[in-house]
Amino acid sequence: MNSENIYSRCVAEREKTTPIFNTSSYRKSSTSSSDWEEEIETVAALIVLQEDVKSSRTWVHAVNKNREKLGEFHHLVPELRQCSKRFHMYFRMSKEEFDYLHELIRIDIQKQNTQFWRAVSSEERLAVCLR
């Protein structure tokens with residue numbers, strides 16, 4: 001969401017609601033003071049909306065959280081391994097060639113798991129590369 005869009009939302013919200021500051025008891029010396037107060041209200045609302053946008057971001061999308069349960073690799077590849085002809089059609093190599101290639105490059109393409117997420121396995125990385 002860009003800042004112009006947030007700013008326009010703030011202005012629209014300000015017009016619908018009561019002002020943040022109660023300015024009715026203040027003596028208005030000029031219109032510039034009133035404009036300045038309105039600008040402060042808008043900026044304050046903009047800051048609040050930006051904080052809401054920042055807090056709503058997710059680290060890992062919900063679709064990716066279920067990758068190990070619902071993903072293509074975890075369902076399809078085990079089935080393909082049972083039928084060597086289908087495996088060869090899918091990866092354009094035999095299971096033995098796939099395993100040999102995986103052993104050759106496994107160390108170079110593997111990633112480490114962290115506290116926040118599980119890394120994509122080296123076998124899955126190879127499968128994605130071949131597809």
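**Overall picture and helix α5**

Analyst: Happy to! Buried residues (under 20% relative accessible area with a 1.4 Å probe, counting protein chains only; exposed is over 50%, partly exposed in between) make up 19% of the 131 residues in the chain. This is a predicted model, where local features need pLDDT of at least 70, side-chain atom pairs count only at pLDDT 80 or more, and totals for chains, interfaces and linings use all residues. Residues are numbered from 1 along each chain as its sequence is written, and side-chain values use heavy atoms, leaving out hydrogens and water.

User: How many helices and strands does the chain have?

Analyst: There are 8 helices and 0 strands, taken as DSSP runs numbered from the N terminus (helices H or I, at least four residues; strands E, at least two).

User: Which residues of α5 are buried?

Analyst: F73, V77 and L80. They span an arc of only 60 degrees around the axis, so they sit on the same side of α5; the arc is that of the directions from the helix axis to the C-beta atoms. Exposed E79 and Q82 are on the face turned away from the buried side.

User: And what covers the buried residues of α5?

Analyst: The cover includes α6 (84-91) and α8.

User: At what angle do the axes of α5 and α8 cross?

Analyst: Roughly 80 degrees, with the axes of α5 (residues 72-82) and α8 (residues 122-130) coming within 12 Å. Axes are lines fitted to C-alpha atoms, for helices over the stretch in contact, and angles run from 0 to 180 degrees between N-to-C directions.

User: Which residues meet there?

Analyst: F73, H74 and R81 in α5 contact E123, E124 and A127 in α8, with contact meaning heavy atoms within 4.5 Å.
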